[in-house]
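The tour goes from the whole chain to single residues.

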Amino acid sequence: MKLPLLLLLSFAGCAFAQIVPRQAWCRQPLSPRMPRLAVPVRLIIIHHTASAPCYTPQQCQAALQQIRTGHLLRKFRDIGYNFLIGGDGRIYEGLGFGIRGEHSPHYNSQSIGVAFIGNFQRTLPSPQMLQAARTLITIAVQRRQVLPNYSLVGHCQTKATACPGRQLLDELRKWPRWQPKP
Ligand SMILES: [Zn+2]
């Protein structure tokens, strides 16, 4: 069993190439005036978008554009999340690393916000989506964007909200760095 684990870890090490860059789905570059995030942060906050699921790169790119448009209408500076996980199993760069998100009031300056595209109150994200999120966390630690002893929480642990959905939260509780408090 040791070899496959090693292979998996080395695979995760190269997985940085798997993050779909922002310019693949968004024509507008990030404003250079976006507030920076002091890294490494101590928190990873998981969200769902509570929007329709997407299953193909085309659908997911359209979903990302809709989410960003919705956030701009709410007067956010840009899309509010640092990263999003598509139903196509890909990791999408939202704000990316090093930029302060707008996803969890009071915690934005201490966290990276990762949103699963879809609604996970009654269904779980696919195994591919869950794996993509775990890969992203590995990358974030490797790139020193997140402390190795980070805390993982769901959005509903920081305020009264259904986000990231009951099923997804139940899954996150089993992950190694999940904490009952942010
Ligand atoms: Zn949320």
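**Before selecting anything**

This is a predicted model, in which local features need pLDDT of at least 70 and side-chain atom pairs count only at pLDDT 80 or more, while totals for chains, interfaces and linings use all residues. Residue numbers start from 1 along each chain as its sequence is written.

**Whole chain**

Select everything and colour by secondary structure. The protein has 4 helices and 6 strands; helices (H or I, at least four residues) and strands (E, at least two) are DSSP runs numbered from the N terminus. Read from the N terminus, the order of elements is α-β-β-α-β-β-β-α-β-α. The radius of gyration is 15 Å, close to the 16 Å that the globule rule gives for 182 residues, so the protein is as compact as a globular protein of that length. That radius is taken over C-alpha atoms, and the globule rule is 2.2 Å times the number of residues to the power 0.38. Along the principal axes, the C-alpha trace spans about 50 × 35 × 35 Å.

Next, colour by burial. A residue is buried if 20 or more other C-beta atoms lie within 10 Å of its own, exposed if 12 or fewer, and partly exposed in between, with C-beta atoms placed from the backbone. By that rule, buried residues make up 39% of the 182 residues. Of the contacts with a separation of 6 or more, 75% come from residues 24 or more positions apart; a contact requires C-beta atoms, placed from the backbone, within 7 Å.

**Residues 31-165**

Select this range, which an unreviewed UniProt entry annotates as "domain: N-acetylmuramoyl-L-alanine amidase". UniProt positions are given in the numbering used here, feature names are shortened, and annotations may be inferred rather than shown by experiment. Over residues 31-165 the chain is 24% helix and 21% strand, and the end C-alpha atoms are 31 Å apart.

**The sheet**

Select the strands. They form an open sheet of 6 strands in the order E1-E4-E3-E5-E2-E6, with mixed pairing. Two strands count as paired if DSSP finds at least two bridges between them. The edges are E1 (19-20) and E6 (146-154), each of which pairs on one side only. Zoom in on E1 and E4 (residues 91-93): they run parallel and are joined by 2 bridges. Isoleucine 19 has isoleucine 91 in E4 as its bridge partner.

**Helix H2**

Select 57-73, which is H2. H2 has 17 residues and reaches 24 Å from its first C-alpha to its last, close to the 24 Å expected at 1.5 Å a residue; the expected span is 1.5 Å times one less than the number of residues. Which residues of H2 are buried? They are Cys60, Ala63, Leu64, Ile67 and Arg68. Seen down the axis of H2, these fall within an arc of 135°, so they line one face of the helix; the arc is that of the directions from the helix axis to the C-beta atoms. E3 and E4 are among what covers them. Turn to the face of H2 pointing away from the buried side, and you find the exposed residues Gln58, Thr69 and Leu73.

Most residues other than glycine have a negative phi, and most peptide bonds are trans.

- Lysine 75 follows H2 and has a positive phi, near 70°. Lysine 75 sits in the loop between H2 and E3 (83-85) and is exposed, with 7 other C-beta atoms within 10 Å.
- Alanine 50 has a positive phi of about 55°. This residue is in the loop between E2 and H2 and is partly exposed, with 17 other C-beta atoms within 10 Å.
- Valine 39 to proline 40 is a cis peptide bond, with omega near 0°. Proline 40 lies in the loop between E1 and E2 (41-48).
- Cysteine 163 and proline 164 are also joined by a cis peptide bond, with omega about 10°. Proline 164 lies in the loop between E6 and H4 (166-172).

**Two distances**

Arginine 134 is partly exposed, with 14 other C-beta atoms within 10 Å.

Finish with alanine 160, in the loop between E6 and H4. Alanine 160 counts as exposed, with 5 C-beta neighbours inside 10 Å. The C-alpha atoms of alanine 160 and alanine 132 are separated by 27 Å, at 28 residues apart along the chain.

How values were computed: Two residues are in contact if their C-beta atoms, placed from the backbone, lie within 7 Å.
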